[in-house]
Structure formats: structure tokens, C-alpha cells
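Let's take a friendly walk through a protein and its ligands. Please keep the viewer open beside the text as we go.

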Amino acid sequence: MLRSLARPSAATAQAASRLSARAMMSTIVEDAVGPKCYGGTYTVTLIPGDGIGQETAASVKAVFAAAKVPVEFEQFDLSGFAQENDGLMREALSSLRRNRVGLKGILYTPIRQGHGSFNVAMRKELDIYASVAHCKNMPGVEARHKDVDFVIIRENTEGEYSGLEHQSVPGVVESLKIITRPKTERIARYAFDYALRNGRKRVTIVHKANIMKLADGLFLNTCRAVAKEYPSIQYNDMIVDNTAMQLVSRPQQFDVMVMPNLYGSIVSNIGAGLIGGPGIVPGANYGREFAIFEPGSRHVAKDIQGRNTANPSSLILSAVMMLRHLQLPAHADQIEAAVHKTLSAGAPRTPDLGGTQSTTEFTKAIIANL
Ligand SMILES: NC(=O)C1=CN([C@@H]2O[C@H](COP(=O)(O)OP(=O)(O)OC[C@H]3O[C@@H](n4cnc5c(N)ncnc54)[C@H](O)[C@@H]3O)[C@@H](O)[C@H]2O)C=CC1
Ligand SMILES: O=C(O)CCC(=O)C(=O)O
């Protein structure tokens, strides 16, 4: 079982045993390779990223030090603003391959011209295909809706992020969206396994198969076929445009959602907006061998870089997901509880949540609540 998924209850374990042998053998959760630990200490690759990355990574390091978390970081200050990053990128990738686990902020990608996305390159290179972002109301954080609690599972390595574009003749551009059955099958199994093992009831397949009849048609049909292997989990499907409207009007209807790459980015941004903003949504990317933990709605936040006003909660809570993956649940629970206590009603907070505290003051408050 993938280490970061919650332990199944007796009922879900029984249900899991009813799954077909084929489904069990081909899910990542069965054959995932674990992280490396020497003498009780884990080494984790840290890529703070651009924008607010250094400030929020400093916050994680301070909280980990105060909580005596047995994790050492190997830090790589990669930047999407640099013209040339090949050497550092190679070093960071070898560190990730060695450590198998990374904590990462977001790397900037220039719009239109310039290099391609380092974020996407890393996900493809390490085949960390399942992006998981959990959108749940936080105690004390005002939000547009109550009782929001859904998990976005997004295919991370193909779809609209193929990077395959060309200009056939001047003024005509073709941009290829790649959907394949094997990659769709594995993300669908990941989503249904996730639902089963986390006591969730329903998976919603998000698509645009009315227009992209072949690409999204393949995604939808493949997910529906996988759904039949999980009789205890209900499923439905929804066109992505309607999904956006349903999310902002009645988000409580969603439980687990599975979708191609770009829809996942859009839905996780809507999810962040629903529960209080990008500063509080954690996220993770899992593959068979590697896992990288990064904020769920993936913002660079260059506009507030260096101002000491960023909300570090999304990176700290991503680090909490990482600690569960590393089998350090006591440290994870302690830090998560301290973040929730700090965010709880009436407590001071950072400007994105209507407060006036700086990132460092907020971090100190979390440490005091450990
Ligand atoms: N532009 C890029 O290089 C990248 C963009 N993306 C995707 O594109 C979308 C749009 O990106 P951008 O326009 O660059 O958004 P952005 O980075 O400008 O963020 C949007 C707003 O949210 C605020 N914000 C984000 N995280 C915060 C935090 N922790 N604390 C306080 N305020 C915070 C920022 O200050 C900003 O005002 C992202 O949601 C992401 O999905 C993903 C990776 C890189
Ligand atoms: O890396 C980028 O510039 C964009 C990637 C993206 O949209 C995402 O990470 O969701």
C-alpha cells in the first residue's frame, strides 16, 4: 500500500480484498517503493521554488526543527527565472532519485516565450503521475461554503501538458492533448483505490467528452470501466464546465474527483478559492517510486515575494502529508494540530486570510502551539 494513504478500516480492507486480482496487481499502491531511512533519519530533497518559496520553506524548516522531526533536507535553489538550469536540475533530479521523496515550492514558467515548465518536466521525468489536493474547510478560516471536503485526483504527466505544439502554417497552431488508455487506467485505479482506502463513497469523473470525443471519450470510458471493478464505490461523471458551476454553488456534493491534467489545475484553483485561498491547500504528487509534496494549487506568488506576508500553511500542510508518507504520523499529527490551532477562530493570521501577521510571526505562533 502506498504509505501516505490512510490505513484502511476493517470494512474497507474487506472490500479491497474483493477487488479483482488484476486491479490489485496493477495499482501503484501495491508495488510502491518506499522512501529511504538511515539511522532513523530521512533525507528529503527540498526545492523551495520561486516567489514565496524561500520564505515558506524557511517556515517549514523552523517548524520541523522545533518539533524535532527526524528529517534532513538536501536543498536545491532551482529557479524558473534563471536562463540556464540544466546542471542544477540534473543534481536535483538525482537527489530526488536517491531520496525518493521531495518537498517543493513552485517554479516560475515564463509566459509564451522561454523555457518550458520545470515543474512539469520534473513530474514527467520521475513519472509522479497522481496529483492529490485535498480541499477541506479549515477550523476558523472563513469560507464561501461550509462542509467542503473533497479530494482532487489529477493525471499529472500527459493531457494538455504534453508540450507538443507546432505552427503548421503561419497563423495556424496545433497543440496536442495526449490521452492514453494505460495512463488513464492507472489514474482511475489510483482514484478508486484512494476512495476505498480512505472511507470515501463516491468518485466523480470530470471530462469534456461531448467536444473532445476521442481524447476525453477515452478518458471517460476507461474510468467507467475501472469503476466497475470497485462495486462498493459509487461513481458519476460530469462535464468540466458544469463541474465548475457545481463547485461554486454546491461543493458539498463532491467527494473524490478524477480528471485529466488541465482540468485538475483549474479545479484545484477553484477548490482553493472555496475554502480560503492558495495559502492553505496542501498537495502531493505520487508515482510508483517517487513522491513530491507541494502546495495544492501551485502558486508562485511573485507579487508578494520578499515581503514576509506569505501564508506558509499550504507548504507546511504539504510537509505534513510528507511525514505521513514517511511513516512519521505522530510528528504529522502534532504539526497539523498546531497549524489548525493557529488558524482557529480569533487567532492572528497572515494578510491573505484578512490578518496582519508576518510569515515569521505566524510561524512562531505555530511553533508555540506545537
Ligand atoms: N506562472 C507560473 O509560473 C506557474 C503557474 N502555475 C499555475 O498557474 C496558475 C496561476 O499562476 P499565477 O498567475 O502565477 O498565480 P500567482 O502566483 O500570481 O498567485 C495568485 C495570487 O495568490 C496569492 N498567493 C498564492 N499563494 C499564496 C500564499 N501562500 N500566501 C499568500 N498569498 C498567496 C499570490 O500572492 C497572488 O496574488 C496557478 O494557480 C498554477 O495552477 C503553476 C506553476 C507555475
Ligand atoms: O509549471 C507551470 O508553469 C504550470 C504548471 C501548472 O499549471 C501546474 O503545476 O498545475
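How many nonpolar, polar and charged residues are in the shell around ligand 2? The shell around ligand 2 has one nonpolar, four polar and one charged residues. Here Ala, Val, Leu, Ile, Met, Phe, Trp, Tyr, Cys and Pro count as nonpolar, Asp, Glu, Lys and Arg as charged, and the others, Gly among them, as polar.

## About the model

This is a predicted model, in which local features need pLDDT of at least 70 and side-chain atom pairs count only at pLDDT 80 or more, while totals for chains, interfaces and linings use all residues. Residues are numbered from 1 along each chain as its sequence is written, and chains are lettered from A and ligands numbered from 1 in the order in which they are written.

The protein has a mean pLDDT (the predictor's confidence in each residue, from 0 to 100) of 90, and 91% of its residues reach 70 or more. Residues 1-30 have a pLDDT below 50, and this stretch has 47 contacts in the model beyond near neighbours in sequence. Two residues are in contact if their C-beta atoms, placed from the backbone, lie within 7 Å. For the complex, the predictor gives an ipTM of 0.94 and a pTM of 0.90.

## The two ligand shells

Which residues are around ligand 2? They are Thr-109, Ser-117, Asn-119, Val-120, Ser-265 and Arg-298. A residue is near a molecule if its C-beta atom, placed from the backbone, lies within 6 Å of it.

Around ligand 1 there are 21 residues, of which Gly-279, His-299, Ala-301, Asn-311 and Asp-352 come nearest. By class, the ligand 1 shell has eight nonpolar, ten polar and three charged residues.

## Overall fold

The protein has 13 helices and 13 strands. Helices (H or I, at least four residues) and strands (E, at least two) are DSSP runs, numbered from the N terminus. An unreviewed UniProt entry places the feature "domain: Isopropylmalate dehydrogenase-like" at residues 43-366; such annotations may be inferred rather than shown by experiment. The span 43-366 is 39% helix and 21% strand, and its end C-alpha atoms lie 24 Å apart.

Along the principal axes, the C-alpha atoms of the protein fill a box of roughly 60 × 50 × 45 Å. Among contacts with a separation of 6 or more, 77% join residues 24 or more positions apart.

## Buried positions

Of the 370 residues in the protein, 45% are buried. A residue is buried if 20 or more other C-beta atoms lie within 10 Å of its own, exposed if 12 or fewer, and partly exposed in between, with C-beta atoms placed from the backbone. Val-44, in strand 2, is buried because 29 other C-beta atoms lie within 10 Å. Leaving aside neighbours within four places in sequence, Val-44 is in contact with Val-71, Phe-73, Asn-99, Val-101, Gly-102 and Leu-103.

Asp-50 lies in the loop between strand 2 (41-47) and helix 4, and counts as buried because it has 22 C-beta neighbours inside 10 Å. Beyond four places in sequence, the contacts of Asp-50 include Ser-79, Tyr-108, Val-300 and Lys-302. Is Lys-208 buried or exposed? Lys-208 is buried, with 20 other C-beta atoms within 10 Å, and is found in the loop between strand 9 (202-207) and helix 8 (215-227). Not counting residues up to four places away in sequence, Lys-208 touches Asp-216, Ile-239 and Val-240.

## Two loop residues with positive phi

Most residues other than glycine have a negative phi. Lys-68, although not a glycine, has a positive phi of about 50°. Lys-68 is in the loop between helix 4 (53-66) and strand 3 (71-75), and counts as exposed because it has 9 C-beta neighbours inside 10 Å.

Arg-112 is not a glycine either, and has a positive phi of about 70°. The loop holding Arg-112 runs between strand 4 (101-104) and helix 6 (118-125). Arg-112 is exposed, with 4 other C-beta atoms within 10 Å.
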